[in-house]
Amino acid sequence: MPGFDLFKTAEPPVTVVEVPPKDVSAMVADIKADENGLSEGRKEGAYYNPRLDPKNYLEGELSWNPATRLRQMLARPGIIAAPGVCDGISARCAIEAGFTCLYQSGAATTASRLGQPDVAIATLNDFVESAQMICSLDPTMPVIADADTGFGGPANVARTVYQYAKAGVAGMHIEDQVQTKRCGHLLGKQVVSREEFVTRIRAAVIARDSIPGGSDFVIIGRTDSAQVLGMEEALIRLKLAADAGADVCFIEGVKTSELLKKTVAELAPRPVLVNVISGGLTPSFTYQQAEEMGAKIIIYSLVSCVAATHAIRNAMHLLKKTGTDFTSAQGMDPKAFFEVMGLKDVIELDAAAGGSAFKQV
């Protein structure tokens with residue numbers, strides 16, 4: 001299986017230093033205090049964790065820990081292009097195509113698991129179960145996951161961080177929509193106050209920093225306020241999120257390249273994430289164009305599930321019309337399909353363990 005060869009070496013891939021967990025009051029104190037002085041461009045009283053400073057991730061080989069690897073990718077040159085995946089098939093195809101980061105889209109998760117639209121129907125359990133499966137396919141692959149509004153108050157946000165980190169997710173974004181949220185590219189959105197949004201970010205940061213051993217889990221602050229309250233308010237909210245400890249700023253529904261450039265300039269040096277959905281509010285930037293405009297992460301939320309919908313619809317209509325799936329199969333037999341799903345890795349694992357179940361397939 002992907003990552004199976006990692007366990008063939010006698011040397012442990014990661015050195016884990018166990019440290020006693022801090023209580024929440026201590027975490028809050030750490031957030032408010034910076035014993036090492038203010039970092040460049042950071043406001044007095046803003047969150048600062050010297051262990052997570054980007055300069056600590058500039059050197060060395062990419063880590064086998066997906067959260068650490070994501071931080072290394074954020075600290076180093078080059079844009080991170082993450083295709084949205086909706087299930088195991090789409091994740092396998094993205095890995096096969098050579099992508100180095102995946103995005104677990106909330107809309108895609110809701111559609112693939114529940115057959116429902118992205119209007120706050122899916123629960124934390126739906127998201128976590130999907131994340132566990134996707135992250136297991138390649139344990140070194142950074143997966144960024146949608147966390148909607150955090151699924152409740154501060155305690156719920158903290159639980160979301162714990163569950164995602166345990167599932168193997170490298171980072172998550174949390175937004176400022178009301179609990180009855182909707183896809184960021186639909187109209188009629190409503191957002192909570194600045195204070196409530198910042199509370200969600202703080203809760204996520206406190207939860208991450210309380211994970212024993214020192215977690216590199218990445219917190220991404222997302223605002224949907226640009227279409228509701230205007231760009232200036234969106235930028236204010238993202239600056240507040242960054243001061244509260246968000247590692248990355250995500251502006252949803254940015255409508256022009258000029259506005260994206262302005263966002264990047266206003267938030268520098270904090271990295272900016274942009275979400276592209278064909279036909280949505282944001283132009284269909286290529287990841288090369290987004291990089292030229294200064295974005296650090298670009299996600300294509302619906303790339304897999306929209307393509308799957310077209311292909312499956314066509315296959316079903318052809319089957320209904322012709323009575324056979326010969327045309328839609330395009331020559332892919334069962335073995336070829338299973339090979340995309342990792343059949344070779346399963347055979348190798350079985351043989352390495354001394355098994356003989358798959359000598360002939």
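1. Helix α6 covers residues 154-167, and because 14 residues at 1.5 Å a residue should span 20 Å, the 20 Å between its end C-alpha atoms agrees with expectation; the expected span is taken as 1.5 Å times one less than the number of residues. Helices here are DSSP runs of H or I with at least four residues, strands are E runs of at least two, and both are numbered from the N terminus.

2. This is a predicted model, in which local features need pLDDT of at least 70 and side-chain atom pairs count only at pLDDT 80 or more, while totals for chains, interfaces and linings use all residues. Residues are numbered from 1 along each chain as its sequence is written, and side-chain values use heavy atoms, with hydrogens and water left out.

3. Within α6, the buried residues are V157, A158, T160, V161, Y164 and A167, where buried means under 20% relative accessible area, exposed over 50%, and partly exposed in between (1.4 Å probe, protein chains only). An α-helix has 3.6 residues a turn, so residues three or four places apart point the same way. The cover over the buried residues of α6 includes helices α5 (124-137) and α7 (194-209), together with strands β3 (143-146), β4 (171-175) and β5 (218-223). After α6 comes G168, with a positive phi near 105°.

4. Salt bridges, defined by a side-chain nitrogen of Lys or Arg within 4 Å of a carboxyl oxygen of Asp or Glu, number 18 by this rule. One of them joins R51 and D216, at 2.9 Å from N to O. Because R51 lies in the loop between α1 (24-32) and α2 (66-75) and D216 in the loop between α7 and β5, this pair ties together parts that are 165 residues apart in sequence. R51 is partly exposed at 36% relative accessible area, whereas D216 counts as buried at 10%.

5. A salt bridge also pairs R113 with E129, their closest N and O atoms being 2.7 Å apart. As R113 belongs to helix α4 (residues 106-114) and E129 to helix α5, the pair ties together parts 16 residues apart in sequence. R113 is partly exposed at 37% relative accessibility, and E129 is partly exposed at 40%.

6. For D224 and K189, the closest N and O atoms of the salt bridge are 3.1 Å apart; the pair links distant parts of the chain, with D224 in the loop between β5 and α8 (226-229) and K189 in the loop between β4 and α7, 35 residues apart. D224 is buried at 0% relative accessibility, and K189 is buried at 8%. Both residues belong to a network of salt bridges that links D148, E175, K181, K189, R222, D224 and E252.

Definitions and conventions. Contact = heavy atoms within 4.5 Å.
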